[in-house]
Amino acid sequence: MMRKFLKWTGIVAAGIVALALLAILWIFIASGRELGAKHTVARGAMLTIPTDAASIVEGERLARISGCLHCHGDALGGQMVHDFPNIARFVAPNISGSLQDHDDAQLEALIRHGVKFDGTGMLFMPAEMYRHKRDEDVAKIIAYLRTVPRADGVGEQTLIRPIGRFLLAQGIFKTGPRAIETLPAPVKTFDAADPVSHGKHLVMNLCSECHAQTLEGIPMANSPPLSVAKAYSSEQFERLMRDGTGMGDRTFALMTPTSKARFSWLTAAEVDAIYAFLQARSQAAGATAIASRSRRTRVSR
Ligand code: HEC
Ligand code: HEC
């Protein structure tokens, strides 16, 4: 009797172990397929890369406000940007002095489509945000990138750990080109005479990495919906953009260093445009809420 019992528990235990091994195998195969998937980018009109000094200086400023130097370092020597235990360790590689080897189309595909030089999808670098960039701005960034001399930097590469692989296999965590497939069309054009329109383009281009494409915030990243900016006066908002100090003299774990590294390079007109858009957006949202509330009262009557 006892023998038989032991025999059956042994078989069940072996079955469970076999299933667990199969699940792990599936996670590695499915995530490996995502990591290795090659993406092609439909070719639009070719970019014209400027060579004049003013465009290169502006390209550096655009790279700064976009966060390229915040993640890849001031000399573009690369650095470890985020380590999520058991999930992944993201390393922005050393990209100094090496971009001369890649043509304009490859660099455009990298920035706006999240496709790496080997054709695989980019992880962690925010192509979902950069897809909103205008042709002329991408061209200036590329012009600047090519002038950066070789610097010493990191040697290690991005590492995806088991839970990260599981999230990739499940499609919860997506590479840049996969995430872009699911999104509405980018906001590449704006009316330069209208601060609200200019501001929308800037916010999609500079803030959506952390505050989401919907601008509603990302709870996992602890970032609030951008409607919180409604309470800010224009002076308080300018201070938040310039040195990362919020209302009530607060400093923030991520927003403060991000403002210092990126948004301190915004022009005064850009800060005003961002503020104008965020105010207009919360007013519009307020008006919709009031309208739907009065509609509801009418219906219930
Ligand atoms: C949030 C951090 C972050 C920002 C911002 C960022 N990068 Fe990256 N970048 C990374 C990471 C991480 C990788 C490695 C990704 C991987 O291995 O999938 C990377 C990889 C690269 C590569 C190497 C691609 C390859 O095929 O080897 C280049 C070039 C690059 N980034 C340029 C840029 C430029 C230009 C910008 C600004 C427009 C930028 N990065 C902004 C984090 C960032
Ligand atoms: C790299 C990520 C990142 C980017 C890019 C970013 N933010 Fe934030 N932001 C955060 C996080 C996270 C918080 C919450 C505070 C914290 O933990 O740092 C925050 C907080 C805020 C707040 C709330 C401050 C308060 O009073 O509580 C405002 C307003 C804000 N961000 C505006 C912006 C605007 C405007 C942009 C674009 C110009 C932007 N952020 C870009 C990550 C980011």
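Tutor: Happy to, and one definition comes first: a helix here is a DSSP run of H or I covering at least four residues, and helices are numbered from the N terminus. By that rule Val-17 belongs to helix H1, which covers residues 2-36. Please keep in mind that this is a predicted model. The chain as a whole has 13 helices and 3 strands, and its C-alpha atoms fill a box of roughly 85 × 70 × 40 Å along the principal axes. Of its 301 residues, 38% are buried.

Together with Leu-21, Ile-24 and Phe-28, Val-17 makes a nonpolar surface patch of about 380 Å².

Which protein atoms are its donors? They are NE2 of His-72 and SD of Met-125, lying 2.0 to 2.2 Å from the iron. These two residues come from distant parts of the chain, 53 residues apart: His-72 sits in helix H3 (residues 68-72), and Met-125 in the loop between helix H4 (104-113) and helix H5 (127-130).

For six octahedral donors, the ideal angles at a metal are 90 or 180 degrees. Around the iron atom of ligand 1 there are 6 donor atoms, and because they subtend angles of 85 to 179°, the arrangement is octahedral.

Met-125, at 23%, counts as partly exposed. The line between those classes is drawn at 20% relative accessible area.

The structure holds 5 aromatic pairs. One of them joins Phe-84 and Phe-124 edge-to-face, with 6.2 Å from centre to centre and 70° between the planes. This pair also links distant parts of the chain, 40 residues apart: Phe-84 is in strand E1 (residues 79-84), while Phe-124 is in the loop between H4 and H5. Phe-84 is partly exposed because its relative accessibility is 29%, and Phe-124, with 36%, is partly exposed as well. Elsewhere, the rings of Phe-237 and Tyr-275 have centres 5.4 Å apart and planes at 40°, so that pair is tilted. Phe-237 lies in helix H11 (residues 234-243) and Tyr-275 in helix H13 (residues 268-300), 38 residues apart. Phe-237 is buried, with a relative accessible area of 3%, and Tyr-275 counts as buried at 18%. Back with Phe-84 and Phe-124, ring pairs link these two with Phe-90 and Phe-173 into a cluster.

His-211 is buried at 10% relative accessible area, whereas Met-255 is partly exposed at 22%.

Finally, the charged side chains: the count comes to 18 salt bridges. Among them, Arg-61 and Glu-58 meet with N and O 3.0 Å apart. Both lie in helix H2 (residues 53-66), 3 residues apart, about one turn of the helix. Arg-61 counts as buried at 13%, and Glu-58 is partly exposed at 25%. Another salt bridge joins Glu-216 to Arg-281, the closest N and O atoms being 3.2 Å apart. This one links distant parts of the chain, with Glu-216 in the loop between H10 and H11 and Arg-281 in helix H13, 65 residues apart. Glu-216 is partly exposed, with a relative accessible area of 47%. Salt bridges that share partners also join Asp-83, Arg-89, Glu-156 and Arg-161 into one network.

Notes. Residues are numbered from 1 along each chain as its sequence is written. Chains are lettered from A and ligands numbered from 1 in the order in which they are written. This is a predicted model: local features need pLDDT of at least 70, side-chain atom pairs count only at pLDDT 80 or more; totals for chains, interfaces and linings use all residues. Side-chain values use heavy atoms; hydrogens and water are left out. Patches are made of residues with over 30% relative accessible area and no salt bridge: like charges are joined within 9 Å, nonpolar side chains (Val, Leu, Ile, Met, Phe, Trp, Tyr) within 5 Å. Accessible areas come from the Shrake-Rupley method with a 1.4 Å probe; for residues, only the protein chains shown count as cover. A salt bridge is a side-chain nitrogen of Lys or Arg within 4 Å of a carboxyl oxygen of Asp or Glu. Donors are N, O and S atoms within 2.8 Å of the metal (3.2 Å for Na, K and Ca); water is not among the atoms, so sites may look incomplete. Four donors count as tetrahedral if all angles lie between 85 and 135 degrees; four count as square planar and six as octahedral if opposite donors are over 155 degrees apart and all others between 65 and 115; anything else is irregular. Buried means under 20% relative accessible area, exposed over 50%, partly exposed in between (1.4 Å probe, protein chains only). Rings of Phe, Tyr and Trp (its six-membered ring) pair if their centres lie within 6.5 Å; planes under 30 degrees apart count as stacked, over 60 as edge-to-face and the rest as tilted.
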